Amino acid sequence: DERGYIYGAGSVMRKSIYNLLMSSDYQLILKGRIGKSLVAGEDAERCQVFRLLGYKLWYDPLLEFQHHMPASRITWKYTCILYNSFGRASVYHDLYSEIQDKKKGIPAFVAQNTFLDIINKIRTLFIALPAYLIVILTGSGEGRRAVVNYNYWYGRLIESIVNMSAINKYREQIKKAAWRKNMLRTEITDK
C-alpha cells in the first residue's frame with residue numbers, strides 16, 4: 001500500500017469491488033494509451049479509487065511475469081516521451097491524493113488553486129532545468145535521471161496549463177461522486 005499504485009500489467013483485483021464500481025457512476029478520467037499517445041495511468045487511477053474507498057493495495061516483489069516489449073519501446077527517446085506522459089497523467093492522480101491525504105492549510109490551498117499550482121510546477125521545472133541543460137549540452141543525456149525528471153515535470157506543467165478547466169471539473173466530480181458516497185455506505189465483506 002506504501003507504493004500508492006500497482007501497474008495494470010499482471011495485476012489482479014477483487015471482482016466484487018470492480019463490479020460495484022462498474023454498477024455505479026464510476027468512470028476513469030484516464031483511458032490508457034490510445035493511438036500514438038503514451039498518456040496512460042488508468043491503472044494507478046484505479047488504485048487511487050480503491051484506496052479512497054478504504055482498501056489496501058498489496059504488492060509482492062517475488063511475483064514475476066514476462067511482458068514482451070518491442071524494440072521500439074526500449075529506446076531512450078521513447079523513455080523520455082513516456083516520462084512526459086507520466087507527468088501529464090500524474091496531474092489527474094493528484095486529484096485523488098488531495099482527497100486521500102486530506103491536505104489542510106497552505107498545501108491544500110496551493111493544490112486546489114490552479115494558478116498557484118502552475119507557479120509551483122514552473123518553480124520545480126526551473127529547479128530541474130540546470131541539471132537537464134548540463135546533460136543535454138554535454139551530449140551525455142542518455143540514461144540520465146535529470147533528463148527524465150525534466151520531461152516528467154514538463155509534462156505536468158503542460159497538462160496543468162492546457163487542461164486547466166477540465167482538471168478543475170474532474171476535481172469537483174471526484175469530490176461529489178456518488179460512487180464514493182454509495183460505496184462507503186455499502187458493506188463489502190472482502191475489505
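**Entry 1: what kind of model.** I began with the source, and this is a predicted model. I keep that in mind for everything below.

**Entry 2: the fold.** I looked up the secondary structure and found 8 helices and 0 strands. Reading along the sequence, I noted the pattern α-α-α-α-α-α-α-α.

**Entry 3: contacts along the chain.** Next I asked myself what share of the contacts with a separation of 6 or more joins residues 24 or more positions apart. I found that such pairs account for 78% of those contacts.

Entry 4: I then checked burial, and 38% of the 191 residues are buried.

**Entry 5: the largest pocket.** My next stop was the largest pocket, which holds about 1,000 Å³ of space. I counted 37 residues in its lining, and the closest to the pocket centre are Y5, Y7, R33, D43 and F86.

**Entry 6: who builds the lining.** Which elements give two or more residues to the lining of this pocket? I found α2 (42-52), α3 (76-101) and α6 (145-162). Of these, α3 provides the largest share of the lining, with 13 residues.

**Entry 7: the lining by class.** Last, I sorted the lining residues of the largest pocket and got 14 nonpolar, 13 polar and 10 charged.

Key:
Residues are numbered from 1 along each chain as its sequence is written. This is a predicted model: local features need pLDDT of at least 70, side-chain atom pairs count only at pLDDT 80 or more; totals for chains, interfaces and linings use all residues. Side-chain values use heavy atoms; hydrogens and water are left out. On a 1 Å grid over the protein atoms alone, a cavity is a set of points where a 1.4 Å probe fits but cannot get out, and a pocket is an open set with protein on both sides within 12 Å along at least five of seven lines; lining residues have an atom within 4 Å of a point. Grid points are joined across faces, edges and corners, and a volume is the space filled by probe spheres set on the points. Helices (H or I, at least four residues) and strands (E, at least two) are DSSP runs, numbered from the N terminus. Ala, Val, Leu, Ile, Met, Phe, Trp, Tyr, Cys and Pro count as nonpolar, Asp, Glu, Lys and Arg as charged, and the others, Gly among them, as polar. Buried means under 20% relative accessible area, exposed over 50%, partly exposed in between (1.4 Å probe, protein chains only). Contact means heavy atoms within 4.5 Å.
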